Amino acid sequence: MIRYVVKRLMMLVPVLFGVTLVSFSLLQIVPGDPAVLLAGEDANPEFIEAVRKEYGFDQPLHVQYLRFVARAVQGDFGISIRNREPVIRLLLQRFSFTVQLSFLSILIAAAIGLVAGVVSATRQYSLFDHASMVGALLGISMPIFWLGLLLMLVFSVHLRWFPAGGSGELRHLILPAIALGAASAAVIARMTRASMLEVIRQDYIRTARANGLRETVVIYKHALKNAMIPVITVFGLEFGYMLGGAVLTETVFSLPGVGRLMVEGIFQRDYAVVQGAMLLVATTFVLVNLLTDIAYALFDPKIRYE
Amino acid sequence: MSEPLPRTSQAAEVWRRLRRNRAALVGGAVVAVFVFTAIFAPAIAPFAPDRGDLGRRLEPPSAEHWLGTDELGRDIFSRILYGARVSLQIQLVAVLIALAAGCLLGLVGGYYGGWADHGIMRAMDILLAFPGIFLAISIIAVLGPGLLNLMLAAGIYSIPQFARIVRGSILSLKEKEFVEAARAAGEGDASILFRHLLPNAMAPIIIQTTLRMATVLLTASGLSFLGLGVQPPHPEWGAMLSNARPYLITAPHVATFPGLAIMLVVMGFNLFGDGLRDSLDPRLKD
């Protein structure tokens, strides 16, 4: 197991190198003097020169890159030119919001997806099975931003069950979390159903039944436990995707998440913010995937020996 | 002696299986209507997509304006028809970019292995480190907003999926006897790659292309909704939805129909892609 974890950690090195290189090269590719881009076009010449010195824009590229990484590791992503605030403070504030939203979403998605998947598999081709698979198809086909608007229209405007705007309380997060989690619920439901159907056909399930175990014990104790292994991977992956995909939900519901911070950064040419957001979201996603793989290996010993 | 089995071509067999799959047929029909609309929008649309009548803003659906009018008094039905054009164009360009680059990278990586494969796959890992639409947004951050950059972003965003699938197929195909035979007959690498390996890897590529059309539409309309893609006044469904947001309460129909259009087309491609998967490769069916 330790060897697997070490191997998996080693694979992280080139990816993190690439991720830092990509966000570093943002300032190099965007037309214009990097020092002016970071300082802002209306900054005075002394300040621009100070930025140039501090970031080493007068140095060769590899020195600039190393400085960029050294600063990033220390949590220094520069100053936002719009907010006049350290980027790291903005990022942490906004990112913790996105993580909360994604966490609630994955909980909702897991609950709906697992129940729908297990019931569908145990009653294959029943009305429930067909209905939940049609629901899953709708879930993966619906644009998140449209679903968000519809939820807002029905549950905030007409039924008045939830507030239409604002943030900071759980009730502000329910509708956005449903919108963000719908597609994941669909994916989890499909995956659980397929995995359950495969497990139910295995010999050990037939043996369990032949031994006279009650059907509920067979399904929930023996089948579900084994069927869950591939589904765990989906949880991790979907949670990771939410961190990036939350940007649409955040925009629809006007929520202060990291995705919206990044999009605003693009519009306002606040490059320090964009760089920081790219780096933070990608690194977190990579780490979430690492943890998912390790969890998968813990549950399924076969993986470790491949 | 029994009669020899009738010989059927692979295409005929796939078509036979596809025809019996009702979901795939529905998906295929939706896709066909979408493509037809995109091509003939100017002939079908009752109004010009950008002709507004400020005296008739935000009108609900009526006999004259089937889906009502938007915030500038433009006919929503006509704009949705023209929007199909914009969407199909984006989807085709983006998927072609991904298909060409992804297939090439997958072929080279899978066939040659070693450092080439290692390098290509690590590069794909780096792209995949940016989750979903966030990758497309990051590319737009570098390139800047706009239609052309949107196509490029949606294209690059889909490269890893094609590269991985093609590489996987090539890895298992290159050990087969027909490849060895071709090599023994003195055929070069290029000939083996494009005349023998690629044609045999077509099934997963076709399936992925169809499913990717759905993902690209969702991503591209999402980017336009954020203001990073197609800019108003062009009739793009995501951008139309974004413009409709301030009128959600007073005129909900303005936001309803573009979203419905996106969902229908995405669903069509998904159903058709799933159907193709079942027909082209019955082993994959659950």
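Before the charges, a rule: Lys and Arg count as positive, Asp and Glu as negative, and His and the chain ends are not counted. Each charge is placed at NZ of Lys, CZ of Arg, CG of Asp or CD of Glu. On that basis chain A carries 26 positive and 21 negative charges, and their mean positions lie 11 Å apart.

Now the ground rules. This is a predicted model, where local features need pLDDT of at least 70, side-chain atom pairs count only at pLDDT 80 or more, and totals for chains, interfaces and linings use all residues. Residues are numbered from 1 along each chain as its sequence is written, chains are lettered from A and ligands numbered from 1 in the order in which they are written, and side-chain values use heavy atoms, with hydrogens and water left out.

Chain A, then. What does its fold contain? There are 13 helices and zero strands. Helices here are DSSP runs of H or I with at least four residues, strands are runs of E with at least two, and both are numbered from the N terminus. The C-alpha trace spans about 85 × 55 × 30 Å along its principal axes.

How much of chain A is buried? Of its 306 residues, 52% are. Buried means under 20% relative accessible area, exposed means over 50%, and partly exposed is in between, using a 1.4 Å probe and protein chains only. Take contacts with a separation of 6 or more: 71% of those in chain A come from residues 24 or more positions apart. A contact is heavy atoms within 4.5 Å.

Next, the interface. On chain A, 42 residues are in contact with 39 residues of chain B. The two chains bury about 3,700 Å² between them, and carbon and sulfur atoms give 82% of that. Buried area is the accessible area, with a 1.4 Å probe, that two parts lose on being put together, summed over both. Which residues of chain A lose the most area to chain B? They are A:F145, A:W146 and A:L149, together 17% of what that side buries.

On to salt bridges. Side chains of opposite charge can pair when their charged atoms come close. The rule: a side-chain nitrogen of Lys or Arg within 4 Å of a carboxyl oxygen of Asp or Glu. Over all chains, the count is 26. Between chain A and chain B, the count is one. That link joins A:R190 to B:D274, at 3.6 Å, N to O.

B:D274 also pairs with B:R277, at 2.7 Å. Both lie in helix 11 of chain B (residues 253–280), three residues apart, about one turn of the helix. B:D274 is buried at 17% relative accessible area, while B:R277 is partly exposed at 28%.

Back in chain A, A:D293 meets A:R8 at 2.7 Å. This pair connects helix 12 (residues 271–299) with helix 1 (residues 2–29), 285 residues apart. Is each partner buried or partly exposed? A:R8 is buried, at 12%; A:D293 is partly exposed, at 23%.

B:E13 and B:R16 form a salt bridge at 2.9 Å, three residues apart in helix 1 (residues 10–19). Finally, B:D70, B:E71, B:R74 and B:R79 are linked in a salt-bridge network.
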